[in-house]
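Have the sequence and the model side by side for this walk-through. We start with the whole chain and then turn to single residues.

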Amino acid sequence: KQLVFSGVQPTGNLHLGNYLGAIRKFVALQANNDCIYCVVDMHALTAQLVHEDMPGQIRSITAAFLAAGIDPEKHIVFNQSAVPQHAELAWIFNCVARIGWMNRMTQFKDKAGKDREQASLGLYAYPSLMAADILVYRATHVPVGDDQKQHLELTRDIAMKFNLDYMEHIRRSGYGIDITVGDEPVHAYFPMVEPLIEGPAPRVMSLRDGTKKMSKSDASDLSRINLLDDEENISKKIRKAKTDPDGLPSEIAGLAGRPEADNLVGIYAALADRSKADILSEFGGQQFSVFKPALVDLAVHVLSPITGEMRRLMADPGHIDAILRDGSNRARARAEVTMKQVRDIIGFIY
Ligand code: TYM
């Protein structure tokens, strides 16, 4: 069995991009893997320091995981701050990662904005904590949306440098594993993580602008479908979604240069668990006036049971907290196995 890890930040509303790019894949991966899914509340501090919002946001992401079909008994669901080994390994990774690597992170550049001097050190070190999240379990597979690709490349760079810096001590410790890097066999401590990004909607775009990512922070609520939107809202947002005047093409090539059409077809395909080509063979030649109502029906059909279950779960915070507590206990035990070995490899006395 492969070990899968992924995380979602408890900031703002979850939207269709989070669901199709990440959570839906989390659910599917449960069948054949050992999975750990984390509400990354320490990452959320890079965006907000509002005490009042924090518990509700953490519970809402947890509820979304459960409502979407993640099984917290067979797998692990927990919140990051309850397992301090993440922060401990992140510090070590801060000392492995190079400033030059961090300076290339496009998400930092986007989020820091113009006045970079005023951005927090946490926002800058964000990818190092993310690497620690994954590697503190020595996870090998990470389902994410396309926007996290660069962070996962950095995770591999950090793992590789740690493996090289401590090569001799890893060998002597007996904790190493044999992996291949490129085609080379290497004795390593941390595995090289594989991002799982593929699928018809690795990057769901704004409904108002097909060149912009659907995001929690977009000022226009019409730009995204939130997981807590009701039927009426979903319908309104899809009907108002930007499109071009042409009908749907019969083949994928016909979507080139038509970002809004491409996005809606990708959303439909992901919701239906079918390929984009398959959707176009059904709707090719039709107008958006036909396609959009079909998309509304499908979106409501898939999302409304999740929305309903999320609301039901959120009405009982005690139940959610108990699930997080149980998940954190199990995650902590596993993370501590890694940290003991890492402390040995580094030469700390504990
Ligand atoms: P976050 O909380 O911004 O987003 C959660 C997941 O949703 C995906 N996503 C999208 N996918 C497709 N289209 C979109 N428009 C879209 N918007 C968001 C994200 O790619 C992500 O998979 N850094 C991560 C959280 C994190 C993490 C980790 C992930 C922390 N530690 C360790 C994996 C492993 C983040 O900010 O996700």
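**From the whole chain to single residues**

Of the 350 residues in the protein chain, 43% count as buried. Keep in mind that this is a predicted model. The secondary structure comes to 14 helices and 7 strands. Along the principal axes, the C-alpha atoms fill a box of roughly 65 × 50 × 45 Å. The radius of gyration is 21 Å; this agrees with a compact globule, because a globule of 350 residues would have a value near 20 Å. Take the contacts between residues at least 6 apart in sequence: 77% of them join residues at least 24 apart.

The domain assignment gives domain 1 as 2-200 + 317-346, and domain 2 as 221-313. Their centres, taken over C-alpha atoms, are separated by 30 Å. Where they meet, 14 residues of domain 1 are in contact with 15 residues of domain 2. On the domain 1 side, helix H1 (16-29) and helix H3 (54-68) each supply at least two of the touching residues. H3 gives the most, with 5 residues.

Next, the ligand. It is surrounded by 24 residues, and the closest are Gly7, Gln9, Gly17, Gly21 and Gly145. Strand S1 (2-8), H1 and H7 are the elements that give two or more residues to this shell. UniProt places the feature "binding site" at Asp133, in an unreviewed entry. Is Asp133 buried or exposed? Asp133 counts as buried, because 25 C-beta neighbours lie inside 10 Å, and the cut-off for buried is 20 or more. Leaving out residues up to four places away in sequence, Asp133 touches Phe5, Gly7, Cys38, Val40, Gln80 and His86. One of these, Gly7, is also among the residues closest to the ligand.

Arg138 is buried, because 21 other C-beta atoms lie within 10 Å.

Asp273 also has a positive phi, near 60 degrees, and is a residue other than glycine. Where is Asp273 found? It is in the loop between helix H11 (259-272) and helix H12 (276-283). Asp273 is exposed, because 12 other C-beta atoms lie within 10 Å.

The last stop is Phe162, in helix H8 (residues 149-165). Phe162 counts as buried, because it has 25 C-beta neighbours inside 10 Å. Leaving out residues up to four places away in sequence, Phe162 touches Val96, Tyr189 and Phe190. Phe162 and Val96 are 66 residues apart in sequence, while their C-alpha atoms are 6.5 Å apart in space.

Note on methods
Residues are numbered from 1 along each chain as its sequence is written. This is a predicted model: local features need pLDDT of at least 70, side-chain atom pairs count only at pLDDT 80 or more; totals for chains, interfaces and linings use all residues. Domain bounds come from an automatic or database domain assignment. Two residues are in contact if their C-beta atoms, placed from the backbone, lie within 7 Å. Helices (H or I, at least four residues) and strands (E, at least two) are DSSP runs, numbered from the N terminus. The radius of gyration is taken over C-alpha atoms; the globule rule is 2.2 Å times the number of residues to the power 0.38. UniProt positions are given in the numbering used here, feature names are shortened, and annotations may be inferred rather than shown by experiment. A residue is near a molecule or strand if its C-beta atom, placed from the backbone, lies within 6 Å of it.
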